[in-house]
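Hi,

Here's the structure I promised to pass on. Have a look at it first, and my notes follow below.

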Amino acid sequence: MKKLISMILVLSLVFALAACGGKDAASGSADASGSESKVEEVKSVDLQAFYESTFMNENMPMMGVMEGETLDAFYAGLSALNLKQCIVAMPMISAVAAEVALVEVANADDLAKVEEIFKARIAAQIDGGAFYPATIETWEKSAEIITHGNTVMMICMDPKDEVVKAFNELFA
């Protein structure tokens with residue numbers, strides 16, 4: 001029975017890969033003064049393709065993409081922002097410290113908010129949300145937030161150097 005439930009969960013998470021990546025947003029919004037606030041022009045990358053090529057292979061832990069209420073529970077406020085792309089993936093087993101969040105904001109004003117949401121996620125995991133001492137230690141030592149223009153990645157895994165390098169190369 002446990003295998004059946006696990007298989008159903010895996011399949012449902014696989015079908016949820018679209019996450020919030022399908023949201024389209026305007027390139028700017030007016031601030032209180034009425035002037036247009038725009039994200040600095042930077043190279044745009046396909047975060048879904050990066051996620052699939054980097055994390056969907058036999059060398060990575062089985063991860064499921066979070067969306068809807070699950071996303072809101074772990075990344076409170078993220079889905080309320082104006083995002084061009086959003087992929088958040090967590091391990092299928094809580095004893096595995098491997099998590100990635102890839103976000104492209106539509107409005108530069110939301111960049112700091114995304115970084116704060118990511119910092120809050122890291123702090124929550126370190127403060128016991130990760131449950132196991134080894135996973136808490138991985139969050140303490142390996143969680144990192146990397147920003148390139150209007151795109152942000154939060155990653156927690158050990159080792160993570162190859163993923164960080166691949167992410168940085170997208171913007172080279």
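K160 touches K141, S142, E144 and I155, leaving out residues up to four places away in sequence; touching, or contact, means heavy atoms within 4.5 Å. K160 is found in the loop between β7 (151–156) and α6 (161–169), and at 12% relative accessibility it counts as buried. (Buried is under 20% relative accessible area, exposed is over 50%, and partly exposed is in between, with a 1.4 Å probe and protein chains only.) The K160 side chain also reaches the backbone oxygen of S142, at 2.9 Å.

Residues are numbered from 1 along each chain as its sequence is written, and side-chain values use heavy atoms, with hydrogens and water left out.

On confidence, the mean pLDDT (the predictor's confidence in each residue, from 0 to 100) is 80, and 76% of the residues reach 70 or more. Over residues 1–40 the pLDDT is below 50, though this stretch has 54 contacts in the model beyond near neighbours in sequence. Where pLDDT is low, the predicted coordinates should not be read in detail.

The overall layout: there are six helices and seven strands, in the order α-β-β-α-β-α-β-β-α-α-β-β-α along the sequence. Both are DSSP runs numbered from the N terminus, helices being H or I with at least four residues and strands E with at least two. Of the 172 residues, 41% count as buried.

Now the inside. What is a nonpolar core here? It is a set of buried Ala, Val, Leu, Ile, Met, Phe, Trp, Tyr and Cys residues joined through side-chain atoms within 4.5 Å. The largest one has 24 residues, and Y75, L78, L83, V88, V103, V114 and F118 touch the most other members. The elements giving two or more residues to this core are β4 (83–91), β5 (99–105), α4 (111–129), α5 (133–142) and β7, with the largest share, five residues, coming from α4. A second, separate core of 20 residues includes V45, V65, A89 and M157.

Rings of Phe, Tyr and Trp (its six-membered ring) pair if their centres lie within 6.5 Å; planes under 30 degrees apart are stacked, over 60 edge-to-face, and the rest tilted. The count comes to five pairs. The F50 and F55 rings have their centres 6.5 Å apart and their planes at 85°, so that pair is edge-to-face. Y51 and F55 have ring centres 5.5 Å apart and planes at 20°, so they are stacked. Y51 and F55 both sit in helix α2 (residues 47–55), four residues apart, about one turn of the helix. F50 is buried at 4% relative accessible area, and F55 at 3%. F50, Y51, F55, F167 and F171 form one aromatic cluster.

Lastly, N168 lies in helix α6 and is partly exposed, at 29% relative accessible area. N168 touches I146 and H148, again leaving out residues up to four places away in sequence.

Cheers

Notes
Polar contact = N/O pair within 3.5 Å; in protein donor to acceptor, adjacent residues only side chain to side chain.
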